[in-house]
Amino acid sequence: MSYFRAENLSLHFGGLKAVDAVSFAVEKGEILSIIGPNGAGKSSIFNLISRIYRPTSGRIFFEDQDITEQPPYDIARLGIARTFQNIELFENATVLSNLLVGRHRHSTTQLWQELLFLPSVRANEKLHRRRVEQVIEFLDLEPYRDKLISGLPYGVRKVIELARALCSEPKLILLDEPSSGLNVEETDDMSFWIRDMKSELGVTVLMVEHDMSLVNRVSDRVIALNYGRVLAMGSPTDVQQHPDVVAAYLGA
Amino acid sequence: MRFLFKTDYEDDIRLFPHSGYLVSYGLLLAVLLVAPYVLSSYLMSQLVFVCIYATVGVALLILTGFTGQASLGHAAFLAIGAYTAAYLQKYNVPFPIYFLAAGALTGLIGALVGFPALRLQGIYLVIATISFAFIVEEILARWESVTNGNEGMRIKAPSLLGVTVPRDSPTFYFLCLAVLVLTIVGTLNLLRSPTGRAFVAIRDSETAARSMGINVALYKVKSFAISAAITGFAGVLFAHKLSFISPEMFTLQLSIEFIIVILIGGTFSLHGAVLGAIFIVMIDPFLTYLKDDMPGIIAGIAATFGAGTQGAANVQSKVAAFASLNGLKGAIYGIIIVLFVLFEPLGLYGRWLKIKLFFQLFPLYKRATFKRQKIYVKSERNR
């Protein structure tokens with residue numbers, strides 16, 4: 001049984017088939033990239049997994065559990081975290097509190113305990129802080145710890161989004177174009193972090209990416225999509241040489 | 001300028017980041033405790049209203065400032081708290097019990113209002129809460145067997161531990177102050193725990209909050225319930241302070257006053273609720289003063305500029321007529337809101353921070369420090 005599995009996943013907007021009977025599986029501990037031209041349905045698949053959209057048909061399984069009907073907030077509780085293509089951070093909060101929100105699925109305290117700030121809440125807060133601090137160190141975010149998001153440059157925000165996802169200690173992480181808007185140097189850093197996430201933290205990665213050099217550097221396997229359908233699946237080099245993929249990109 | 005070196009996670013968690021805070025808040029508390037023995041009874045009465053308004057302001061900040069859900073219905077929550085107290089008092093229920101019951105009932109109704117509000121955002125939510133307030137106002141006027149209709153209800157002074165506490169006694173003031181301080185401390189506790197962060201997350205991006213495992217609907221309802229419950233507690237004190245309540249006290253105008261409290265105080269910090277409450281409570285005597293004395297003063301100025309006795313009297317009567325126009329107070333509130341939104345969106349507390357920073361950095365202060373950066377990359381797709 002695969003770790004994560006999508007079966008015949010479809011998303012139709014009226015007559016438009018954004019995702020059309022897509023099936024794929026992610027093995028535990030691998031980095032799988034989804035590539036494809038604009039409008040191929042890559043981000044839609046992510047939005048289906050994190051339940052922003054409801055699939056027209058098809059099922060999604062994670063750790064042998066059917067998660068197709070789970071409410072969106074339960075997806076994170078199961079251990080699937082995600083980042084967004086256009087950055088969805090909490091603008092008017094500090095980096096630290098953004099990252100602490102990532103810890104939300106691990107919070108166990110009740111409202112009345114929090115109102116009184118009982119010792120159990122304090123102990124929990126310290127535990128969360130320690131975990132957040134580990135992520136801050138992992139992604140070199142120390143200089144920004146107490147800064148407000150609204151004053152930070154784009155590249156840093158991108159890393160903070162990754163950090164927030166990591167703070168939830170996910171088993172599977174969905175990265176929606178981690179390198180978009182980053183310069184060459186920042187993209188390099190990103191590729192190291194993605195590899196480290198896999199090797200040091202044991203996180204399985206599913207990622208949508210346009211930057212082929214990043215895809216080649218980090219992916220174990222690649223899926224190519226076009227018009228909501230799977231064109232090819234396999235190792236990065238195989239997929240890029242696949243005639244259908246070449247045709248989709250170059251319009252031959 | 002003080003630099004804080006953090007050596008422990010506790011440094012980020014504690015309420016007072018350094019000893020300076022302890023000194024200044026201790027001083028403030030001392031002044032507030034001595035106040036009833038120094039101030040005139042009129043100012044003491046105003047101070048009690050400041051406490052009550054600030055409590056409602058904190059409640060509204062939780063909902064509007066931190067969770068991002070606007071409400072123009074808080075006068076209704078205040079009314080529910082006040083009427084619950086008045087009704088239960090008729091049956092000789094002791095003060096502590098009906099105080100808690102009023103808060104609990106208002107919180108429950110707040111949660112019920114929260115449910116339909118889940119699907120509404122922005123201006124639609126405002127309209128929904130206004131309608132709720134009108135419904136409550138109408139029920140209070142019509143449900144005569146319980147609320148005594150438009151004739152209103154009397155409420156006796158509360159008795160605490162067998163002692164009657166008159167509404168203008170220092171003890172009643174201490175009671176209001178205690179409720180305010182407990183509300184503020186509770187809210188600060190909430191804000192430094194997961195629930196408070198979930199509120200802020202919902203305000204800034206519901207999509208991201210959801211994908212981080214926050215049950216957005218549940219937390220919105222929680223926010224409504226907490227905010228309403230606190231307002232209900234304030235309602236009990238409000239009823240006791242006025243000793244008489246009737247439906248026309250809890251109109252839209254009162255809800256707007258609460259919005260002004262947080263808008264003028266500043267929506268990002270609890271300081272704002274207190275500063276805004278002081279502002280809104282003190283503006284009333286100020287306007288009365290203007291109304292009584294301004295015509296005479298303007299007439300005096302007119303006379304010195306050679307308007308003649310007849311002309312001065314003419315001016316005086318015209319200014320007096322203008323000052324006693326109906327709805328002038330509402331217009332002044334409107335102007336105040338517009339001016340604050342345009343020129344000081346951070347409110348009085350934001351202004352205070354700017355002044356503080358000016359002196360801390362003395363010759364190096366830059367106006368641009370507080371200028372908002374424009375963000376061009378913002379996704380609207382996943383709303």
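Analyst: In chain B, helix α4(B) meets helix α5(B) through Phe77(B), Ile80(B), Gly81(B), Thr84(B), Ala85(B), Leu88(B) and Gln89(B), which face Tyr98(B), Ala101(B), Ala102(B), Gly103(B), Leu105(B), Thr106(B), Ile109(B) and Gly110(B) of α5(B). Two residues are in contact here if their C-beta atoms, placed from the backbone, lie within 7 Å. Helices (DSSP runs of H or I, at least four residues) and strands (runs of E, at least two) are numbered from the N terminus. The model is predicted: local features need pLDDT of at least 70 and side-chain atom pairs count only at pLDDT 80 or more, while totals for chains, interfaces and linings use all residues. Residues are numbered from 1 along each chain as its sequence is written, and chains are lettered from A and ligands numbered from 1 in the order in which they are written.

By class, the contact of α4(B) with α5(B) comprises nine nonpolar, six polar and no charged residues. Ala, Val, Leu, Ile, Met, Phe, Trp, Tyr, Cys and Pro count as nonpolar, Asp, Glu, Lys and Arg as charged, and the others, Gly among them, as polar.

The geometry of this pair can be stated next. Two packed helices are described by the angle between their axes and the distance between the axes. The axes of α4(B) and α5(B), the latter covering residues 95-117, come within 9 Å and cross at roughly 140°. Axes are lines fitted to C-alpha atoms, for helices over the stretch in contact, and angles run from 0 to 180 degrees between N-to-C directions. The two helices α4(B) and α5(B) are therefore oblique to each other. Angles under 35 degrees count as roughly parallel, over 145 as roughly antiparallel, 65 to 115 as roughly perpendicular and the rest as oblique. In passing α5(B), α4(B) makes a right-handed crossing. A crossing is left-handed if the near helix is turned anticlockwise from the far one by less than a right angle, and right-handed if clockwise.

Helix α4(B) itself covers residues 74-90, and its 17 residues reach 25 Å from the first C-alpha to the last, close to the 24 Å expected at 1.5 Å a residue. The expected span is 1.5 Å times one less than the number of residues. Of the 17 residues of α4(B), 14 are buried, so this helix is largely enclosed by the rest of the structure. A residue is buried if 20 or more other C-beta atoms lie within 10 Å of its own, exposed if 12 or fewer, and partly exposed in between, with C-beta atoms placed from the backbone. Just after α4(B), Asn92(B) takes a positive phi of about 60°. Most residues other than glycine have a negative phi. Asn148(B) also has a positive phi, near 65°; this residue is found in the loop between α7 (144-147) and β1 (153-154) of chain B and is buried, with 20 other C-beta atoms within 10 Å.

A second pair in chain B can be described in the same terms. Helix α3(B) (residues 41-66) and helix α8(B) (residues 170-191) have axes that come within 9 Å and cross at roughly 20°, and they are therefore roughly parallel to each other. The crossing of α3(B) past α8(B) is left-handed. Among the residues that meet are Leu47(B), Val48(B), Cys51(B) and Val58(B) in α3(B), and Phe172(B), Tyr173(B), Leu180(B) and Ile184(B) in α8(B). This contact of α3(B) with α8(B) has 15 nonpolar, three polar and no charged residues.

The contact is made by Leu263(B), Ile264(B) and Gly265(B) of α12(B) with Gly347(B), Leu348(B) and Tyr349(B) of α16(B).
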